[in-house]
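Reader: Hi! Could you walk me through this model in plain words?
Author: Happy to, and here it is.

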Amino acid sequence: MAYVHSDIILCADCVYDTEMHTPLLMTLRRFLKPSGKAVIMASPRNGSLSEFLKAAHAYFRCDLCVEYDEAVSNRKVEGVPFRQHKCFPHLVTLDMMDMDG
């Protein structure tokens, strides 16, 4: 089957199930161009984002950004800065790299 390869893939709230990390990473590799990038928004809840990043380092160059938007970071939820909540979304970018790289 011929796949369409993309420059960019956007994902949100997709790393909470740790059993799906490897299948997700393999799917991203399959559908991204060699110069492609995946952009993922995910919260750090229950440690699943940290586990995903550990797995992703085997296949991608990874970047994690927490302070990506001042309005989002400074928003208050029930009087508490949103960035202190377990559901505060973090921005992850995954850049393709050679399997040898």
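Predicted model: local features only at pLDDT ≥ 70, side-chain atom pairs only at ≥ 80, totals over all residues.

Reader: Thanks! How many helices and strands are in the chain?
Author: The chain has three helices and six strands. Both are DSSP runs numbered from the N terminus: H or I of at least four residues for helices, E of at least two for strands.

Reader: And in what order do the elements run from the N terminus?
Author: The order is β-α-β-α-β-α-β-β-β. The C-alpha atoms fill a box of roughly 50 × 25 × 25 Å along the principal axes.

Reader: What percentage of the residues is buried?
Author: Buried residues make up 33% of the 101 residues. Buried means under 20% relative accessible area, exposed over 50%, and partly exposed in between, with a 1.4 Å probe and protein chains only.

Reader: How much of the contacts comes from residues 24 or more positions apart?
Author: Such pairs account for 76% of the contacts with a separation of 6 or more. A contact here means heavy atoms within 4.5 Å.

Reader: Switching to charges, how many positive and negative side chains are there?
Author: There are 11 positive and 13 negative side chains, and the centres of the two sets lie 2 Å apart. Lys and Arg count as positive, Asp and Glu as negative, while His and the chain ends are not counted. Each charge is placed at NZ of Lys, CZ of Arg, CG of Asp or CD of Glu.

Reader: Now the helices. Which residues of α1 are buried?
Author: In α1, residues 21-31, the buried ones are H21, L24, L25, L28 and R29. They sit on the same side of α1, because they cover an arc of only 135 degrees around the axis. That arc is taken from the directions between the helix axis and the C-beta atoms.

Reader: What do those buried residues pack against?
Author: The buried residues of α1 pack against β1 (6-12), β2 (32-42), α2, β3 (60-65) and β6 (90-96).

Reader: Which residues are buried in α2?
Author: S48, L49, F52, L53 and A56 are buried in α2. Seen down the axis, they fall within an arc of 135 degrees, so they line one face of the helix. The buried residues of α2 pack against α1, β2, β3 and β6.

Reader: Let's zoom in on L53. Why does L53 count as buried?
Author: Because its relative accessibility is 12%. L53 lies in helix α2, residues 48-56, and touches C62, L64 and V92, not counting residues up to four places away in sequence.

Reader: What about D7, where does that one lie?
Author: D7 lies in strand β1 and counts as partly exposed, at 49% relative accessibility. Leaving aside neighbours within four places in sequence, D7 is in contact with L32, K33, G36 and K37. D7 and K37 are 30 residues apart in sequence and 6.3 Å apart in space, C-alpha to C-alpha.

Reader: Okay, backbone next. What is phi of D13 near?
Author: Phi of D13 is near 55 degrees, a positive value in a residue other than glycine. Most residues other than glycine have a negative phi. D13 sits in the loop between β1 and α1, and D13 is partly exposed at 44%.

Reader: And N46, buried or exposed?
Author: N46 counts as exposed, with 76% relative accessibility. N46 lies in the loop between β2 and α2, and its phi is also near 55 degrees, a positive value.

Reader: Last one: how many disulfides are there?
Author: The count comes to zero, taking a disulfide as a pair of cysteine sulfur atoms within 2.5 Å.

Note on methods: Residues numbered from 1 in each chain as written. Heavy atoms only, no water.
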